[in-house]
Amino acid sequence: MRGLVSILFGLLLLGSAPHALAQQVGDVPFPAALRGEAFRLESATLGRGFDIYVRLPLDYDPEGPAYPVVYLLDGDSLFPILASNHLFLTYEESLPEAVIVGIAYGGFDPSVNRRNIDFQSPDQGVPAEDAGAGRFHTFLTGELIPLIEGRFHVDPEQRILFGQSRAGNLVLYSAVAHPDVFRGRIASNPSLTPGMGSILDRAAPARRDDLGVVITSGERDRADLPAEAALWVDTWSDRDIPDRPWDIRLIRIPGGTHAANSTDAYRAGMLWLFAGDDAGD
């Protein structure tokens with residue numbers, strides 16, 4: 001864990017301009033599994049900025065076939081864990097290599113970390129200024145995704161969105177309100193209230209027929225969250241396509257807690273999306 005903290009601290013020292021992660025902080029190079037780029041992106045939509053971390057495949061080839069691209073919410077904590085772990089999934093699970101994008105606030109203090117607003121979908125009793133999921137999604141589609149797809153050799157048809165806990169609510173909001181933007185979505189132990197009303201409502205029309213949504217629930221998560229996840233899955237499973245524009249899979253993580261099993265959720269979700277396997281089931 002100390003090493004991961006050092007990596008993040010080193011990344012922040014690089015400043016606001018684009019930097020290759022292969023650069024050194026002092027005399028220590030960044031680990032090969034995390035090499036790529038890091039840069040600051042100021043959002044015109046939200047009026048504040050994000051630290052964006054991009055992990056590139058070890059054999060990244062800008063002239064070869066385009067890579068799937070995975071967008072990680074809560075990149076402050078999840079990028080160093082999941083971006084590096086993806087490498088092992090290519091070795092042992094035959095998952096395709098991917099470009100991994102971490103969207104980070106630059107810290108956990110509420111003065112900079114606005115996840116409580118950015119991941120909040122509209123709901124009765126929630127003030128409009130606190131329900132920022134729509135605005136944050138506009139930042140994704142109008143600012144971040146075009147930048148990533150203009151700079152890196154990625155496949156727009158193979159976008160994946162991953163979110164943990166409250167960020168899982170944003171993942172499901174995206175699925176309902178903007179189904180075509182991501183081919184696959186993984187909501188790990190999502191926290192869905194308040195905001196459940198809007199993500200159980202009618203889904204926007206979709207042009208694609210290859211969309212998938214995975215929800216993972218840790219067996220040791222607090223009881224209300226698996227119940228919320230099961231309610232969401234059951235409600236949408238009762239609807240036929242096109243009213244439900246994606247396939248759905250609920251996967252239980254044996255022994256999983258709320259936050260410490262993000263790698264298990266990522267592995268299970270990615271295997272189902274790319275191989276149809278139910279890892280952890």
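This is a predicted model: local features need pLDDT of at least 70, side-chain atom pairs count only at pLDDT 80 or more; totals for chains, interfaces and linings use all residues.
Residues are numbered from 1 along each chain as its sequence is written, and side-chain values use heavy atoms, with hydrogens and water left out.

Stay on phenylalanine 88, which sits in helix H2 (residues 75-92); helices (H or I, at least four residues) and strands (E, at least two) are DSSP runs numbered from the N terminus. Phenylalanine 88 has a relative accessible area of 46% and is therefore partly exposed, where buried means under 20%, exposed over 50% and partly exposed in between (1.4 Å probe, protein chains only).

Next, show helix H4 (residues 133-151) with helix H5 (residues 166-177), whose axes come within 10 Å and cross at roughly 75°. H4 is therefore roughly perpendicular to H5, a term for angles of 65 to 115 degrees, with under 35 roughly parallel, over 145 roughly antiparallel and the rest oblique. The axes are lines fitted to C-alpha atoms, for helices over the stretch in contact, and the angles run from 0 to 180 degrees between N-to-C directions. To see the contact (heavy atoms within 4.5 Å), select Ala133, Gly134, Phe136, His137 and Leu140 of H4 together with Leu170, Tyr173 and Ser174 of H5.

Now turn to the salt bridges, each a side-chain nitrogen of Lys or Arg within 4 Å of a carboxyl oxygen of Asp or Glu; by this rule there are twelve. Select arginine 55 and glutamate 97, whose closest N and O atoms are 2.7 Å apart. This pair links distant parts of the chain, 42 residues apart, with arginine 55 in strand E5 (residues 48-55) and glutamate 97 in the loop between H2 and strand E7 (99-104). Arginine 55 is buried at 0% relative accessible area, and glutamate 97 is buried at 17%.

Finally, select Glu157, Arg207, Arg208 and Asp210, which salt bridges link into a network. Within this group, aspartate 210 and arginine 208 have their closest N and O atoms 2.9 Å apart.
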